[in-house]
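Good morning, and thank you for coming.

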Amino acid sequence: MGKLLKITLVGIVLAFVGERIVRFRERMGATRTLDPVELPNCHLLEGIEAGSEDIDILPNGLAFISAGLKYPGIKSFAPDKPGEILLLDMTDKNPVPVPLTISPGFDVDSFNPHGISTYIDRKDDTVYLLVVNHPQFKSTVEVFKFVEEENALEHLKTIRHDLLPRINDLVAMGPDSFYATNDHYFTNSIMSNLEMFLGLRWTNVIYYSPKEVKEVATDFCMANGINVSPDNKYIYVADIFGNDIHVLRKNPDWSLTPVKVLHLESFLDNLFVDPTTGDIWSGCHINAFKLFFYDPEDLPGSEVIRVQNILSEKPIVTQVYVNNGSVLQGSSVACVYDKKLLVGTVFHRALYCELEDQ
Ligand SMILES: *[C@@H]1O[C@H](CO)[C@@H](O)[C@H](O)[C@H]1NC(C)=O
């Protein structure tokens with residue numbers, strides 16, 4: 001009898017774990033494949049071999065690229081090389097990425113940049129670059145001033161906060177205020193893997209300013225990219241494992257009110273907002289399972305989508321580019337500037353394309 005009970009219990013546990021594994025693989029899109037969508041005028045950028053995870057572009061066409069991310073459980077082609085911020089002039093005929101030097105005193109050896117966002121102070125046109133950093137896999141936000149004449153970043157301050165334990169991305173609202181996503185609830189790696197495995201919806205969006213820090217949205221499987229509409233009224237949040245873009249209205253007290261959720265099939269990473277059209281561009285993962293369980297024989301691919309009129313009843317979603325990994329692996333961001341498209345990746349290369357009239 002005792003033996004029978006044990007066998008039954010073991011059977012129940014195995015059935016539960018088995019069901020969870022099946023559900024986990026489904027949620028991660030383990031069997032999702034897509035037909036290729038090619039673009040005619042593209043080439044890989046020289047000098048980017050180990051990631052270009054996030055990109056932001058100034059109105060004058062200067063693009064900042066966050067390169068060399070080391071993220072728990074994800075492939076790195078240069079695990080011992082510190083990360084860096086690269087500058088790319090999108091107005092050049094043949095743009096070449098240039099690493100920015102960082103002012104003395106900042107620990108460049110442990111620099112592990114992730115999401116980035118620019119802020120321009122209209123009073124004196126100072127450009128600030130806010131960077132999510134993971135020195136020793138912790139989470140901080142570094143505030144830099146961009147010194148264009150010297151191709152340099154001057155480090156101004158490091159922000160840490162208990163409400164910012166696992167930051168993924170941010171969107172600047174001022175030189176040292178921002179909305180940021182936490183992509184996990186737990187900091188401990190076993191617990192945070194379990195959190196992903198069980199599909200808990202415990203991640204959130206935080207508003208940070210030196211005066212006030214608060215949670216402004218929650219209930220995301222894994223909150224990832226975040227950005228703002230050109231009219232500054234709406235915040236867009238990508239939930240990578242929910243396959244959703246959340247639209248939230250910004251209130252005068254910086255709280256957010258949910259407006260709508262656009263559900264897609266893709267695993268959305270960073271979001272870029274075209275300042276002229278308001279279109280949302282995203283570098284997506286075709287299959288998140290292949291991103292987290294890297295297999296050189298079965299590569300993670302890249303998918304770029306554009307969402308037009310997200311606030312309308314029928315937003316138009318276009319697959320602009322799809323590749324199975326033969327060219328570009330693990331796209332995480334797609335930005336446009338003057339009919340040029342720049343696609344960055346979590347740990348691989350970066351693709352530059354000239355778009356035809358659409
Ligand atoms: C990936 O795509 C390329 C180009 O479209 C194709 O030649 C190749 O066979 C594909 N590889 C796999 C594994 O499907």
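Why does N168 count as buried? Its relative accessibility is 3%, and buried means under 20% relative accessible area with a 1.4 Å probe and protein chains only.

A note on the source: this is a predicted model, in which local features need pLDDT of at least 70, side-chain atom pairs count only at pLDDT 80 or more, and totals for chains, interfaces and linings use all residues. Residues are numbered from 1 along each chain as its sequence is written, and side-chain values use heavy atoms, with hydrogens and water left out.

N168 lies in strand β11, residues 167–174; strands are DSSP runs of E, at least two residues, numbered from the N terminus. UniProt, in an unreviewed entry, places the feature "binding site" at E53, I116, N168, N224, D269 and N270; such annotations may be inferred rather than shown by experiment. These positions spread over 218 residues of sequence, yet they cluster in space, with a largest C-alpha distance of 13.0 Å.

D269, in strand β19, is also buried, at 4% relative accessibility. Beyond its neighbours within four places in sequence, D269 contacts residues including E53 and N224, where contact means heavy atoms within 4.5 Å.

Technical notes:
Helices (H or I, at least four residues) and strands (E, at least two) are DSSP runs, numbered from the N terminus. Buried means under 20% relative accessible area, exposed over 50%, partly exposed in between (1.4 Å probe, protein chains only).
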